[in-house]
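Biologist: Can you walk me through this one? I'd like to begin with the ligand.

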Amino acid sequence: MDFDSILKVFNERGFKARAFDNIDQVVKVLEKEIGPEQSVGVGGSITVKQSGITDILRARGNIVYFHWEVDKSEIGKTRKLASQADVYLCSSNAVTADGKLVNIDGIGNRVASMFYGPDRVYIICGRNKVVENEEQAVERIKNEACPPNARRLALRTPCSKTGRCHDCDSPDRMCSVKVVMERCPKGKEINLMFVDQDLGY
Ligand code: SF4
């Protein structure tokens, strides 16, 4: 995939956008750019989980707060600690060719930490996350990302059964907070790492 134009658009909007051939290259850059003394928060992300970066960072001494990798009783506390870490790692549900990050969360911890909290953020985006515009981004999230995620989490939502969004009122609804980031907020360093592989949902 040719990322040239999307890198240009995001770099003009204050993000630090780079492209990589594969996730292993991203992991190597993260190992280099994250200091051993820095704490690392992680938002719920199949991409980050499958990259293996959290194990690598822990093995060399970083404190890593990832609520998918702790006991159930520690999940809430870990989400909060992640939002106050030095560095935050996550993915984006969708990225538009015209320069927007579009994300939908059930709780909102991940999207909040993307724009507030940790000073430095790394967002890893597989090529499958790239769409043309905001409308397509929401369509992608609701009908491509949410259904398999709902199944993975055994949520009793209509999308987990039909594979399509029904704009439900389910108690298990995973779509509560929608955030569209159009510019990198002042004082924040947001690294967008595009990868020429399909990663995550
Ligand atoms: S609104 Fe409900 S049905 Fe639609 S994607 Fe979200 S959880 Fe699934």
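This is a predicted model: local features need pLDDT of at least 70, side-chain atom pairs count only at pLDDT 80 or more; totals for chains, interfaces and linings use all residues.

Biologist: Which of the 14 residues around the ligand come nearest?

Modeller: Five cysteines: Cys 146, Cys 159, Cys 165, Cys 168 and Cys 175.

Biologist: And how do the shell residues divide into nonpolar, polar and charged?

Modeller: There are 8 nonpolar, 3 polar and 3 charged residues in the shell around the ligand.

Biologist: OK, sheets now. In what order do the 4 strands of the open sheet come?

Modeller: The order is S8-S5-S6-S9, and the pairing is mixed. S8 (130-131) and S9 (177-181) each have a single partner strand, so one side of each has no neighbour in the sheet.

Biologist: What about S5 and S6, parallel or antiparallel?

Modeller: Antiparallel, over 2 bridges. S5 covers residues 94-96 and S6 covers residues 101-105. Ala 94 stands opposite Val 102 in S6.

Biologist: Switching to S4. How many of its residues are buried?

Modeller: 5 of its 5 residues, 87-91, are buried.

Biologist: Which way do they point?

Modeller: Val 87, Leu 89 and Ser 91 point one way from S4. Tyr 88 and Cys 90 point the other way.

Biologist: Which way does S2 run against S4, parallel or antiparallel?

Modeller: S2 (residues 40-42) and S4 run parallel, joined by 3 bridges. Val 42 has Leu 89 in S4 as its bridge partner.

Biologist: How many bridges are there between S4 and S7?

Modeller: 5 bridges, in the parallel sense, with S7 at residues 120-126. Val 87 has Arg 120 in S7 as its bridge partner.

Biologist: Last topic, the largest nonpolar core. Which residues touch the most other members?

Modeller: The core has 50 residues, and the ones touching the most other members are Val 42, Leu 89, Ile 123, Ile 124, Leu 192 and Met 193.

Biologist: What does Leu 192 touch, leaving out residues up to four places away in sequence?

Modeller: Phe 10, Phe 15, Lys 16, Ala 17, Ile 123 and Cys 125.

Methods: Residues are numbered from 1 along each chain as its sequence is written. A residue is near a molecule or strand if its C-beta atom, placed from the backbone, lies within 6 Å of it. Ala, Val, Leu, Ile, Met, Phe, Trp, Tyr, Cys and Pro count as nonpolar, Asp, Glu, Lys and Arg as charged, and the others, Gly among them, as polar. Two strands pair if DSSP finds at least two bridges between them. A residue is buried if 20 or more other C-beta atoms lie within 10 Å of its own, exposed if 12 or fewer, and partly exposed in between; C-beta atoms are placed from the backbone. A nonpolar core is a set of buried Ala, Val, Leu, Ile, Met, Phe, Trp, Tyr and Cys residues joined through C-beta atoms within 7 Å. Two residues are in contact if their C-beta atoms, placed from the backbone, lie within 7 Å.
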